[in-house]
Amino acid sequence: MKEHYFIYLSFNNQAEGWRLPINPESIEIKEEGQGKTYNIVGKGGGTEETRAGEINVIQSPKLREVSFSSFFPSTDSNYPFIVKGIQDLVDENKRINDPIYEPMKYVRDIRRWMESKHPIRFMYIVRREGAGNKQSSDKDLNFPVSIEKFDWKEVAGSPGDIEYSLSLKEYVFYSARNIQPAVDVTGKTVLIQKPDRPKERDIPETYALVKDDYLIKVAIKFYNDSSRAREIQKLNRIPDSKLRYLPIGMVLKLPPK
């Protein structure tokens, strides 16, 4: 069964973002460990013996790195390989595509996100043709990243098309903990550590649809998981025949995280 893949980049907790209109020919994902080696002296003798020589101490893996190259097509182009939206694979009669923007919008967005010094979210979603969007694939990737490098240029001979290469690095959220001194009953000074602030936004009970919204977008926005679109559909008792015609302003009930 043929597989299709989609790459989404989003910013500010998915308040803005878009799907890449042209998939890269290849994506390089670099994953490395960072074990350290030491030379030790063997204990020797007795019933237990430690081998002398080099040992390897396994530590947490390094942050993942993602890099790829492609191009943003001119709005006047009509390339047959422009990526369709996810719901095209569910039912061709219910085609709901993300818009294709003019090339410089993608460039301006990436540059602005990069200059903000905040992470963005990288999503790589794989779906099988005819399988719909019910289940996530074990190939799916979804994690925050920093933009490490962005190069772009206008394509000679193809006015309006912009070639680019993008390098991303996995980002881990962290925060400094607030430590406050206090005096206990014995008169000693102790440190009281306040708990971290939650890193994930709370899921609201309801959400009102805006222009260009559809259930998969809502599922990705609030759960980072496109497969939960079916759960939202079931909770709101939306028949398949109505998926294409969800009105702006419609209030959806959202399932808990």
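## Charges over rings

Lys105 lies over the face of Tyr101, with 4.9 Å to the ring centre, where a charge counts as sitting over a ring if NZ of Lys or CZ of Arg is within 6 Å of the ring centre and within 35 degrees of the ring normal. Arg64 likewise lies over the face of Phe143, at 3.9 Å from the ring centre.

## Basis of the values

This is a predicted model, in which local features need pLDDT of at least 70 and side-chain atom pairs count only at pLDDT 80 or more, while totals for chains, interfaces and linings use all residues. Residues are numbered from 1 along each chain as its sequence is written, and side-chain values use heavy atoms, with hydrogens and water left out.

## Aromatic pairs

Rings of Phe, Tyr and Trp (its six-membered ring) pair if their centres lie within 6.5 Å, and planes under 30 degrees apart count as stacked, over 60 as edge-to-face and the rest as tilted. By this rule there are 16 aromatic pairs. The ring centres of Trp18 and Phe72 are 6.3 Å apart and their planes stand at 80°, so this pair is edge-to-face. Trp18 belongs to strand β2 (residues 16-19) and Phe72 to strand β6 (residues 65-72), so that the pair links distant parts of the chain, 54 residues apart; strands are DSSP runs of E with at least two residues, and helices runs of H or I with at least four, numbered from the N terminus. Trp18 and Phe72 are buried, meaning under 20% relative accessible area with a 1.4 Å probe and protein chains only.

The rings of Tyr207 and Phe222, with centres 5.1 Å apart and planes at 70°, also form an edge-to-face pair. Both residues, Tyr207 and Phe222, are buried.

## A cluster of rings

Ring pairs link several residues into a cluster, among them Trp18, Phe72, Tyr101 and Phe143.

Notes: Buried means under 20% relative accessible area, exposed over 50%, partly exposed in between (1.4 Å probe, protein chains only).
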